Amino acid sequence: MPGGRLTQPERQQIALGLADGLAYAAIARRLDRPTSTVTREVMRNGGPTAYRADLAHHATERRIRRRRKATPGRADTPPQAHGRDAEAVQEYEETFATVFMQSGLPKMTARTLACLYTTDTGSLSASELVGRLRVSPASVSKAVAFLESQGLVRRERDERRRERYVVDDDVLYESVMASARATAHLGEIARQGVGVLGRGTPAATRLENIARFVDFVSESIARAADQAREVLHTKLETTRDDAG
């Protein structure tokens, strides 16, 4: 199986495969590459609907040039624990951020969230985020404020009274539950319209169907989140007991 970076002809094959509606695995088999390589390439460069081979190739070349200009021993380069490959971690964070962008998050917000999720502690201070992302404090502050408003991060203070931004299982759980509540609210509003428009009319019937649909979805989301939280926490506690 070939290694190394993707070539421009390979990127053109990826673009053709996407245009033909092929799955990432099928495209990867054509190239004799791992599926993860194709997935990362597409998600990092606009996603399946916006991927362009020439733009992706130029973007990769720019990233390579930027990394070559950076001195490996720079003081602001975050150290990598557990023997991790720094370049591989950086590439993964870019891919992770792209997935968040595909779900609707602004670029800086997506980068911030990906950075937090890929730390072992699950928390960073504002200055640490500035150093890792190499952006201004104002950019970090704006991104964190948005993430906090969406329930995706929370704030806490460490032993030195510094404010830190945290992502963990509870934050994700609360975010999912907030989404379920927002979906349920949509159902409530849709059902109000049934009385206004007259039960049995085409418009009222449409709103009633919407209300039933979102009721089912919101209840399913909340139930699944509760079940997942219970199972995951149980597994974590079992693992700790076994380790003890």
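**Helix packing and salt bridges**

R11 is buried, with a relative accessible area of 2%. Buried means under 20% relative accessible area, exposed means over 50%, and partly exposed lies in between (1.4 Å probe, protein chains only). The model is predicted, so local features need pLDDT of at least 70 and side-chain atom pairs count only at pLDDT 80 or more, while totals for chains, interfaces and linings use all residues. Residues are numbered from 1 along each chain as its sequence is written, and side-chain values use heavy atoms, with hydrogens and water left out.

R11 is found in helix α1. Helices (H or I, at least four residues) and strands (E, at least two) are DSSP runs, numbered from the N terminus. Leaving aside residues up to four places away in sequence, R11 touches L6, E41, Y51, A53, A56, H57 and T60. Contact here means heavy atoms within 4.5 Å.

Two packed helices are described by the angle between their axes and the distance between the axes. Helix α1 (residues 8-19) packs against helix α3 (residues 35-44) at an angle of about 80°, and their axes are 11 Å apart. That makes α1 roughly perpendicular to α3. Axes are lines fitted to C-alpha atoms, for helices over the stretch in contact, and angles run from 0 to 180 degrees between N-to-C directions. Angles of 65 to 115 degrees count as roughly perpendicular, under 35 as roughly parallel, over 145 as roughly antiparallel, and the rest as oblique. On the α1 side, R11, I14 and L18 take part; they meet V38, E41 and V42 in α3. The residues of this contact divide into 4 nonpolar, no polar and 2 charged. Ala, Val, Leu, Ile, Met, Phe, Trp, Tyr, Cys and Pro count as nonpolar, Asp, Glu, Lys and Arg as charged, and the others, Gly among them, as polar.

Salt bridges come next. Each is a side-chain nitrogen of Lys or Arg within 4 Å of a carboxyl oxygen of Asp or Glu. The count comes to 11 salt bridges. One of them joins R164 and E128, with the closest N and O atoms 3.1 Å apart. This pair links distant parts of the chain: R164 is in strand β3 (residues 163-166) and E128 in helix α7 (residues 126-133), 36 residues apart. R164 is buried at 12% relative accessibility, whereas E128 is partly exposed at 30%.

R191, E208, R212 and D215 are linked in a network of salt bridges. D215 meets R191 at 3.0 Å, N to O. E208 meets R212 at 3.2 Å. Both E208 and R212 lie in helix α10, 4 residues apart, about one turn of the helix. E208 is buried at 13%, but R212 is exposed at 54%.
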